[in-house]
Amino acid sequence: MDDGDYMQLALEEAEAAAARGEVPVGAVLIMDGEVTARAGNRILELKDPTAHAEMLVMREAAKALQNERLMGAQLFVTLEPCAMCAAAMAFARVGRLVFAADDPKGGAVLHGPKFFEQPTCHWRPEVARIDGALADRSSQILKAFFQARR
């Protein structure tokens, strides 16, 4: 599988989150070429403001691997991570972050605090952005979700 295949899995999680009434963000965590965890947002369902897709996959992977350090992990997420999720990735030592849609309002990787560029950030994953059809699909899922609620 390649980056596009993993992002497609994350998009499936985003669509499932939307079907549950959650903000449609999905994430997949890969270790050694295998899907270790996948999830969509569950903030409303779990009544947990930290239940972002990224946080859920990191928690699941750390538990499965019996290690709070996710060295070598690749995390694929449909939306640019927020500051909380970026900080958690740094603390977990995620090796690579790949995201689809930009988030100018709440993102913290390319926008806002640019978390990984801060001198207080002690671990910086490699960051890649998926362009093209997958990024467009991620943006469309989010736009449709919020338009339906206006």
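Which side chain does the side chain of aspartate 102 make a polar contact with? This is a predicted model, so keep that in mind throughout. The partner is the side chain of arginine 129, at 2.7 Å. Aspartate 102 sits in the loop between strand E4, residues 96–101, and strand E5, residues 126–129. Its relative accessibility is 31%, so aspartate 102 counts as partly exposed. If we set aside neighbours within four places in sequence, aspartate 102 touches Leu79, Glu80, Leu110, His111 and Arg129. Alanine 37, by contrast, is 65 residues away along the chain, and its C-alpha atom is separated from that of aspartate 102 by 23 Å.

Next, salt bridges. A search of the whole structure turns up ten. One of them joins aspartate 3 to arginine 96, with the closest N and O atoms 2.6 Å apart. That pair connects distant parts of the chain, since aspartate 3 is in helix H1 and arginine 96 is in strand E4, 93 residues apart. Aspartate 3 is partly exposed, at 25% relative accessible area, while arginine 96 counts as buried at 15%.

Arginine 96 also meets the side chain of glutamate 126 in a salt bridge, 3.3 Å from N to O. Glutamate 126 belongs to strand E5 and arginine 96 to strand E4, so this pair ties together parts that are 30 residues apart in sequence. Glutamate 126 is partly exposed, with a relative accessible area of 47%. Put together, Asp3, Arg96 and Glu126 are linked in a network of salt bridges.

Another salt bridge is formed by glutamate 45 and arginine 20, with 3.6 Å between the closest N and O atoms. Here glutamate 45 is in helix H2 and arginine 20 is in the loop between H1 and E1, so parts 25 residues apart in sequence are tied together. Both ends count as partly exposed, glutamate 45 at 44% and arginine 20 at 32%.

Now the aromatic rings. How many aromatic pairs does a search of the whole structure find? It finds three. In one of them, the ring centres of tyrosine 6 and phenylalanine 76 are 5.2 Å apart and the planes are at 45°, so the pair is tilted. Tyrosine 6 is in helix H1, residues 3–19, and phenylalanine 76 is in strand E3, 70 residues apart, which makes this a link between distant parts of the chain. Tyrosine 6 is buried at 5% relative accessible area, and phenylalanine 76 is buried at 0%. The rings of phenylalanine 115 and phenylalanine 116 have centres 5.9 Å apart and planes at 85°, so that pair is edge-to-face.

H3 has 13 residues and spans 18 Å from its first C-alpha to its last, close to the 18 Å expected. Its buried residues include Leu56, Val57 and Met58, and what covers the buried residues includes E1, E2 and E3. Just after H3, glutamine 66 takes a positive phi of about 55°. Glutamine 66 is exposed, at 70% relative accessible area. Aspartate 32 likewise has a positive phi, about 50°, although it is not a glycine. Aspartate 32 lies in the loop between strands E1 and E2 and is exposed at 75%.

Key. Residues are numbered from 1 along each chain as its sequence is written. This is a predicted model: local features need pLDDT of at least 70, side-chain atom pairs count only at pLDDT 80 or more; totals for chains, interfaces and linings use all residues. Side-chain values use heavy atoms; hydrogens and water are left out. Helices (H or I, at least four residues) and strands (E, at least two) are DSSP runs, numbered from the N terminus. Buried means under 20% relative accessible area, exposed over 50%, partly exposed in between (1.4 Å probe, protein chains only). The expected span of a helix is 1.5 Å times one less than its number of residues. Contact means heavy atoms within 4.5 Å. A polar contact is a pair of N or O atoms within 3.5 Å; within protein, one must be able to donate a hydrogen and the other to accept it, and residues adjacent in sequence count only if both atoms are side-chain atoms. Rings of Phe, Tyr and Trp (its six-membered ring) pair if their centres lie within 6.5 Å; planes under 30 degrees apart count as stacked, over 60 as edge-to-face and the rest as tilted. A salt bridge is a side-chain nitrogen of Lys or Arg within 4 Å of a carboxyl oxygen of Asp or Glu.
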